[in-house]
Amino acid sequence: SRRFVLSDPARIAPVVLSSLRRALSDAGSSVLLSYSPLDTGNLNGIYIKDERVSFTVIGELESDAVINTDRFLDRDIYRENRTKIRYLRKSAEAMVNSAVETMQRIYRLHSEVEKIYATAMDFGAKEKYTQKLIKTILT
């Protein structure tokens with residue numbers, strides 16, 4: 001089996017892999033697809049069953065070759081939009097960082113609320129009520 005890893009500085013691997021998937025589908029090839037767990041709409045791996053060949057976004061895997069996705073960019077368009085691209089990357093990174101900070105703050109607040117109600121909660125009474133409700137529903 002052969003493994004090709006996509007190095008993806010421009011973050012276009014999902015587009016490259018989607019184009020490859022379409023070409024393989026048109027050719028009637030049998031493939032297994034892998035999607036990003038963080039963005040399930042983004043394809044991050046293809047395995048061609050009959051050929052025993054895989055293409056994945058760079059990771060910890062050893063590979064037979066590395067394909068830099070920048071080679072598929074139109075250099076002139078990239079150069080013309082370099083400032084916008086840099087700004088958008090920084091903006092995206094700031095939004096992700098802000099989301100992470102917000103989730104951390106939410107977790108801390110949730111833990112504080114949990115401490116308050118856990119001390120006041122009668123879990124035995126809740127369990128009795130739950131069992132009674134289940135009996136009522138099932139009988």
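These are my notebook entries on what I looked up in this structure.

**Entry 1: confidence**

The mean pLDDT of the chain is 91, and 98% of its residues reach 70 or more. Among the elements, I found the lowest mean pLDDT in E5, at 89, and the highest in E2, at 95. A reminder to myself: where pLDDT is low, the predicted coordinates should not be read in detail.

**Entry 2: the sheet**

Next I looked up the strand order. There is an open sheet of 5 strands, and I read the order as E2-E3-E4-E1-E5, with mixed pairing. Which strands stand at the edges? They are E2 (31-35) and E5 (65-68); each has a single partner strand, so one side of each is left without a neighbour in the sheet. From one strand to the next, the twist averages 20°.

E1 (residues 2-7) and E4 (residues 53-57) run parallel, and 5 bridges join them. In this pair I found Phe 4 opposite Phe 55 in E4.

I turned to helix H1, residues 13-26. H1 lies across E1, E2, E3 (43-48) and E4, and runs at about 30° to E3.

Which residues make up the largest nonpolar core? I listed 11 residues: Phe 4, Leu 6, Ala 13, Leu 17, Leu 24, Leu 43, Ile 46, Ile 48, Val 53, Phe 55 and Ile 67. At least two residues of this core come from each of E1, H1, E3 and E4. My general note here is that in soluble globular proteins, nonpolar side chains tend to be buried together. The facing pair from my last entry, Phe 4 and Phe 55, is in this core.

I also checked the contacts of Leu 6, leaving aside neighbours within four places in sequence. Leu 6 touches Ala 13, Leu 17, Thr 56, Val 57, Ile 58, Ile 67 and Thr 69.

**Entry 3: salt bridges**

How many salt bridges does a search of the whole structure find? It finds 3.

I took the pair in helix H2 (residues 75-80) to begin with. Asp 76 and Arg 79 are 3 residues apart there, about one turn of the helix. Their closest N and O atoms are 3.2 Å apart. Both are partly exposed: Asp 76 has a relative accessible area of 48%, and Arg 79 has 45%.

Glu 112 and Lys 115 are another pair, with their closest N and O atoms 3.5 Å apart. They sit in helix H3 (residues 82-120), also 3 residues apart, or about one helical turn. Is each one exposed or partly exposed? Glu 112 is partly exposed at 44%, while Lys 115 counts as exposed at 51%, because the cut-off for exposed is over 50%.

The salt bridge between Glu 127 and Lys 126 has an N to O distance of 3.7 Å. Glu 127 is partly exposed at 37% relative accessibility, and Lys 126 is partly exposed at 37% too.

**Entry 4: positive phi**

Last, I looked at backbone angles. Arg 11 has a positive phi of about 60°. Arg 11 is in the loop between E1 and H1, and is exposed, with a relative accessible area of 58%. For Arg 52, phi is near 55°. Arg 52 is in the loop between E3 and E4, and counts as partly exposed at 47%.

Conventions: Residues are numbered from 1 along each chain as its sequence is written. This is a predicted model: local features need pLDDT of at least 70, side-chain atom pairs count only at pLDDT 80 or more; totals for chains, interfaces and linings use all residues. Side-chain values use heavy atoms; hydrogens and water are left out. Two strands pair if DSSP finds at least two bridges between them. Helices (H or I, at least four residues) and strands (E, at least two) are DSSP runs, numbered from the N terminus. Axes are lines fitted to C-alpha atoms, for helices over the stretch in contact, and angles run from 0 to 180 degrees between N-to-C directions. Contact means heavy atoms within 4.5 Å. A salt bridge is a side-chain nitrogen of Lys or Arg within 4 Å of a carboxyl oxygen of Asp or Glu. Buried means under 20% relative accessible area, exposed over 50%, partly exposed in between (1.4 Å probe, protein chains only). pLDDT is the predictor's confidence in each residue, from 0 to 100. A nonpolar core is a set of buried Ala, Val, Leu, Ile, Met, Phe, Trp, Tyr and Cys residues joined through side-chain atoms within 4.5 Å.
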